[in-house]
Amino acid sequence: MTAQVDIALDSNSRGGGRRQEDVYKITNNSSSIVDTHLLMVAQGLSDQIRLENASGITSTGDPYLRVFLPDGVLLPGQSIVQTLRFQQQSQALPVSYTLKLLSGQGNP
């Protein structure tokens, strides 16, 4: 799935101490239509940080956001923007994680 799309951090902002929003631009860089929803998985988050807008948790304990594509598809060259919102339970430090993008079929 990730070979078909490119994901880039568009902006990163801290909102009032213990909150952070990371905005990503997801672009279909292939000549094929992406016709499934996507999962944005935040791997390696500290247990002091939670993904506020998570859709669920993977079998390995990582939070994910399920992204439903406009009209169910992402056409070649088309982009969408998605935001991951984090909240920290303790002091405000930069949120550190590895982002993984998966096909949205099945349970992660």
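Colleague: Which strands form the open sheet that contains β5, and in what order?

Modeller: Strands here are DSSP runs of E with at least two residues, numbered from the N terminus, and two strands pair if DSSP finds at least two bridges between them. In this predicted model, local features need pLDDT of at least 70, side-chain atom pairs count only at pLDDT 80 or more, and totals for chains, interfaces and linings use all residues. Residues are numbered from 1 along each chain as its sequence is written, and side-chain values use heavy atoms, with hydrogens and water left out. The open sheet has four strands in the order β5-β6-β3-β8, with antiparallel pairing. Because β5 (56-57) and β8 (98-103) each have a single partner strand, they stand at the edges, and one side of each is left without a neighbour in the sheet.

Colleague: How many bridges join β5 to β6?

Modeller: The two strands pair in the antiparallel sense over two bridges, β6 covering residues 63-67. Glycine 56 has tyrosine 64 of β6 as its bridge partner.

Colleague: What is the order of the sheet that contains β1?

Modeller: Four strands make up this open sheet, in the order β1-β2-β7-β4, and their pairing is antiparallel. β1 and strand β2 (residues 19-28) are joined by nine bridges, and valine 5 lies opposite asparagine 28 in β2.

Colleague: Which residues have the most contacts inside the largest nonpolar core?

Modeller: A nonpolar core is a set of buried (under 20% relative accessible area, 1.4 Å probe, protein chains only) Ala, Val, Leu, Ile, Met, Phe, Trp, Tyr and Cys residues joined through side-chain atoms within 4.5 Å. The largest has 20 residues, and those with the most contacts inside it are Ile26, Met40, Leu84, Phe86 and Tyr97.

Note on methods: Buried < 20%, exposed > 50% of the residue type's maximum accessible area, 1.4 Å probe, protein only.
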